[in-house]
Amino acid sequence: MAFYSEKVMEHFQNPRNVGEIKDADGIGTVGNPVCGDLMTFYIKVKDNKLEDVKFKTFGCGAAIAVSSMVSEMAKGKTIEEALKITNASVAQELGGLPPNKMHCSNLGADALHKAIEDYLNKKK
Amino acid sequence: MLVYLDNQSNTKLDDRVFQVMIPFFKENYGNAQTIYSLGTISKDAIDKARNQVAKLINAKDEEIYFTSCGSESNNLAIKGIAEANKQKGKHIVVSAVEHFSVLNAAKRLSQNGYEISYIPVDKYGSISLEDVKKSLREDTILVSIQHANTEIGTIQNIEEISKVVKEKNIIFHTDAVQTAGTIAVDVQKLNVDLLTLSGSQFYGPKGAAALFIKKGVRIVPQIDGGVQEGGRRAGTENVPAIVGLGKAAEIAMSEMSINSDKIIKLRDRILNELPEKIEHVYLNGHLYQRLPGNVNFSIEFIEGEGMFLFLDQKGICVSSGSACASKALKMSHVLTAINCDPAIGQGSILMTLSKYNSDSEIDYLLKEFPPIVKKLRDMSPLYDYFIKTGKRQEAGPGTDYEHEHEHEE
Ligand code: FES
């Protein structure tokens with residue numbers, strides 16, 4: 001399969017951290033303005049660290065791989081570190097995405113950041 | 001196991017077809033336009049193929065023009081007729097669900113002063129006679145309506161439609177790429193002036209197709225050059241491919257009913273058994289006015305590209321009309337035309353069968369498919385929402401999802 005990199009396919013086939021955190025500290029959902037898809041991230045925070053990250057995604061192969069990669073990158077990181085995860089860094093970690101699928105990577109980091117925002121708002 | 005269910009895009013070559021092609025790659029390489037013996041072997045072979053193709057659609061030999069593919073035939077038909085008739089008028093009618101080689105040829109003409117009307121389809125993909133009637137004007141020079149749709153398999157009542165069109169003396173073209181060689185196609189009965197067919201849809205090679213042009217219909221060639229194909233399509237003939245097309249036409253004709261009986265049985269197994277194994281499945285297209293080998297389902301709460309990538313991992317080749325699976329990231333124009341809810345259209349999956357498929361392949365599909373759907377649904381926030389609330393979440397921004405849709409199950 002030349003369309004997606006091996007890493008994308010690997011994450012797509014065996015996505016890590018799929019699911020929902022029942023008593024999540026923060027939840028973030030974003031919809032994809034390009035194709036209409038949806039991604040939700042759940043986070044559990046302890047001592048300013050993302051103790052657990054889970055996601056649910058309705059989208060293409062790239063969107064699923066991106067979610068999986070974001071969840072892996074974010075897990076164990078501090079809030080500040082997690083906020084530094086960017087769309088570009090996710091795409092890079094995945095070994096690149098086809099040009100018309102780059103927008104899918106925008107969802108992942110955005111949804112994670114939204115979940116963090118939700119957590120910070122609740123904490124206030 | 002490789003299970004090929006993408007036969008609307010290309011069929012496997014029949015080995016009997018391949019065998020008759022081989023000599024024309026190897027020893028019989030003469031150019032058909034030369035008059036020494038080696039050339040006349042090619043010429044005779046082309047003539048024979050012309051006759052085989054003519055028989056398939058009940059045309060005269062001299063009404064068959066070989067081209068390189070269905071797209072070329074459609075372009076020649078649309079642009080060639082438009083150019084030949086521009087003094088009479090510049091209005092052309094096509095349906096909204098045509099193949100892109102018709103739609104984009106028409107679009108090109110619209111940039112050159114032609115006016116195009118698009119006939120809508122109902123939710124099954126059918127065209128109404130009333131809409132055809134309404135679309136015709138004094139200056140209409142051409143109507144082009146496909147015989148059957150590539151994606152949802154809906155077969156149009158071309159016989160009735162052509163009656164309406166021919167009453168007004170307007171030229172009528174039908175794109176029969178999905179039907180010729182598969183179901184009965186008779187140009188006399190259909191009463192069409194032009195008809196496109198392609199051998200790669202009925203176990204012939206890629207690179208050979210034909211356009212039927214009724215005797216007496218004026219058309220302007222789109223490839224200028226030599227005298228090949230009666231001057232209507234210049235260029236050295238692709239003899240092996242044309243010979244293959246001819247043989248494929250002959251085989252298709254003699255085996256049509258056996259093939260379609262077999263294919264319909266397999267198709268009906270998917271149509272009936274898949275919804276028993278997977279919930280929230282909707283059929284796209286018409287239940288009866290449907291191509292023998294076409295199954296197009298929308299599987300709710302999941303997305304088509306994910307589905308076909310997982311199926312591909314299992315060796316099952318299918319297709320999807322979902323936005324994510326298309327390069328343009330738009331739901332297919334056909335699903336849009338039948339007013340498919342974008343949230344549901346995202347989960348569309350197209351499986352098209354051929355005479356080479358078998359019951360054991362369908363068993364395999366029916367076994368492998370449901371766990372894939374489950375896996376994707378377990379990941380889907382839309383499904384999650386539905387399970388928790390019994391309600392359907394609206395699709396994300398960027399879709400046309402405007403109101404609550406109720407779906408019959
Ligand atoms: S999420 Fe739709 S194209 Fe990637």
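Over all chains, the structure holds six aromatic pairs, a pair being two rings of Phe, Tyr or Trp (its six-membered ring) with centres within 6.5 Å, called stacked with planes under 30 degrees apart, edge-to-face over 60 and tilted for the rest. This is a predicted model, in which local features need pLDDT of at least 70 and side-chain atom pairs count only at pLDDT 80 or more, while totals for chains, interfaces and linings use all residues. Residues are numbered from 1 along each chain as its sequence is written, chains are lettered from A and ligands numbered from 1 in the order in which they are written, and side-chain values use heavy atoms, with hydrogens and water left out.

Select B:Tyr203 and B:Tyr356 to see an edge-to-face pair, 5.4 Å centre to centre with 90 degrees between the planes. B:Tyr203 is buried, at 9% relative accessibility, whereas B:Tyr356 is partly exposed, at 31% (buried is under 20% relative accessible area, exposed over 50%, partly exposed in between, with a 1.4 Å probe and protein chains only).

Next, select B:Phe301, B:Tyr383 and B:Phe386, which form one aromatic cluster.

Then move to B:Lys90, whose charged end sits over the ring of B:Tyr114, 4.9 Å from its centre.

Technical notes. A charge sits over a ring if NZ of Lys or CZ of Arg is within 6 Å of the ring centre and within 35 degrees of the ring normal.
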